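Hi there,

Here is the structure I promised to pass on to you. Have a look at it first, and then read my notes below.

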Amino acid sequence: MASYATMVTLLLAVSAVTLAQDTVSDLHPQALISFEPDNLRQMVDGEMFLVVWTTSIEGVASVRFNITDEKIVTVLDQSEVMIVSDDTNSTVSGTFNVSADFLGSSTITLYLLDRDGEVLASEDLQASVLLTYQNLVNILSTSLGILVGVVNVIIGATIDLELIKGIVKKPVGPLVGLFSQYLFMPVVAFGLSQTVFSGYPVFQLGIFLAGCSPGGGASNMWTHLLGGNLDMSIIMTFISTIVAFGALPAWVLLLGPIIAKDAAFVIPFANIAMLLITLIGPCFVGIFLQRFVPKVAKILKMLMSPVMIFVLLYTVVFGCIAYRYIFSVMDAKIIAGSFALPVIGYLVGLSLGSIFKQRRGDVIAISIETGLQNNSIALFMLNVTLQPPDSTLAIVVPATVFLVTPVPLMVLGVVRLVYLYVQRRKSGKEEVSMEGVDAQKNGKLPAIGAPKKPDPMTSHAPKPQRQGIDNPAADLSDEAH
């Protein structure tokens with residue numbers, strides 16, 4: 001019964017393919033092998049599809065398959081080669097099942113062989129697999145975009161415009177930060193894409209966009225915790241977000257074609273530019289509120305820390321649920337490349353800030369703003385501008401960068417806490433010691449090296465006669481002795 005149903009399906013598919021070939025033969029060059037369906041794009045993980053292949057080539061005795069990535073799809077239940085003939089011509093066909101096993105894209109190549117095993121023809125069938133919980137990923141992407149917009153409104157509402165005027169007069173610190181952030185970091189990210197992630201275009205684009213993203217995220221919080229200049233950090237976050245509108249598309253236009261030259265996807269430059277407009281717009285909304293609705297701006301300023309903590313926790317918790325597949329894709333190469341990006345950023349910011357002789361707090365702010373970039377923007381951009389599964393795979397690297405970026409800062413935070421604790425202990429001992437020195441200077445303690453006074457408990461020398469005003473307390477003390 002199953003074989004009868006397969007034969008009926010095969011005959012219907014052959015008839016449909018033959019009719020389609022007759023219709024379009026004058027418009028397009030005819031393929032040597034036809035598939036029904038003609039592609040297997042956007043299958044869902046766990047699904048199984050029946051594919052019918054058809055050709056008019058004679059002498060086909062058997063077939064062979066090659067799969068570019070066998071982890072993504074598997075070919076199962078290959079049928080025997082069947083010949084369907086009529087009065088005018090004969091058609092050779094067969095069937096096979098394709099199992100969607102894991103997220104990603106792959107190409108199935110079908111080879112037609114003669115009796116001697118020689119290849120008569122070949123044809124590619126494109127396949128891609130999506131997650132069963134793809135909708136959850138889409139929800140996270142949309143919600144991240146909304147939260148990033150809310151944070152940008154708060155940044156615009158809380159930025160000290162007078163402080164910006166002062167920094168404009170002496171803009172060395174922010175300029176050093178912008179220089180390291182938008183010159184060094186994109187170059188570093190591009191270098192990592194061409195070395196660590198060579199041969200993986202979706203990962204290359206992911207690390208590159210992460211390196212081109214503006215500062216932000218939890219940079220203000222970490223700057224505060226590590227003793228940096230919080231005002232400098234907030235101003236750099238604001239300025240880098242504005243500059244990103246021009247810098248990010250410029251870098252993507254300059255180096256993006258090199259990344260995408262061998263890729264199956266096309267970088268949507270126009271979509272990226274429009275997305276940046278929608279992300280930067282909220283900053284100006286916040287500035288407007290600060291200027292014309294100060295009461296609302298004051299409330300937003302009070303909400304800044306709670307909102308940023310919420311966004312951080314939301315991204316970590318919900319991200320680990322929606323992006324749990326990244327732990328299956330993640331390997332040593334992805335972790336190493338993702339960890340290298342922020343660490344190099346911290347060192348570049350630290351070095352440039354020191355070279356230009358900035359204050360210690362400003363150097364800390366510049367270093368953190370350079371290395372800790374707003375990966376939420378990269379995640380959102382990749383999800384919105386690319387089609388799955390390319391978008392789903394591309395965000396693996398920015399998501400890994402997001403997870404490993406705080407690690408060096410946590411280590412430094414613990415070191416700083418230990419250092420401050422030791423310093424407090426030392427300062428406490430020094431205070432006790434200084435109290436003794438002060439007492440010695442005031443004559444309350446004997447000077448070092450001075451002869452000791454005889455102990456009245458052990459000495460038999462006569463007690464000196466007291467002079468001056470009578471002291472009852474002293475009399476009681478003498479009686480006690």
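A polar contact is a pair of N or O atoms within 3.5 Å; inside a protein, one of the two must be able to donate a hydrogen and the other to accept it. Please keep in mind that this is a predicted model.

With that in hand, let's start with S99, which is part of strand β7 (residues 90–100). Its side chain and that of D101 are joined by a polar contact of 2.7 Å. Is S99 buried or exposed? Its relative accessible area is 12%, so S99 is buried. Apart from neighbours within four places in sequence, S99 is in contact with E47, M48, I72, V73, T74 and L76.

Another serine to look at is S213, found in the loop between α5 (201–212) and α6 (219–225). S213 is buried too, with a relative accessible area of 0%. A polar atom of the S213 side chain lies 2.8 Å from the backbone oxygen of L209. Leaving out residues up to four places away in sequence, S213 touches Y182, L248, Q373, N374 and A378.

On the α13 side, N375, A378, L379 and L382 make the contact, and on the α15 side P398, A399, V401 and F402 do. By class, that contact has 7 nonpolar residues, 1 polar residue and no charged ones.

Enjoy exploring!

Best wishes

Methods: Residues numbered from 1 in each chain as written. Predicted model: local features only at pLDDT ≥ 70, side-chain atom pairs only at ≥ 80, totals over all residues. Heavy atoms only, no water. Contact = heavy atoms within 4.5 Å. Helix = DSSP H or I, 4+ residues; strand = E, 2+ residues; numbered from the N terminus. Nonpolar A, V, L, I, M, F, W, Y, C, P; charged D, E, K, R; others polar. Buried < 20%, exposed > 50% of the residue type's maximum accessible area, 1.4 Å probe, protein only.
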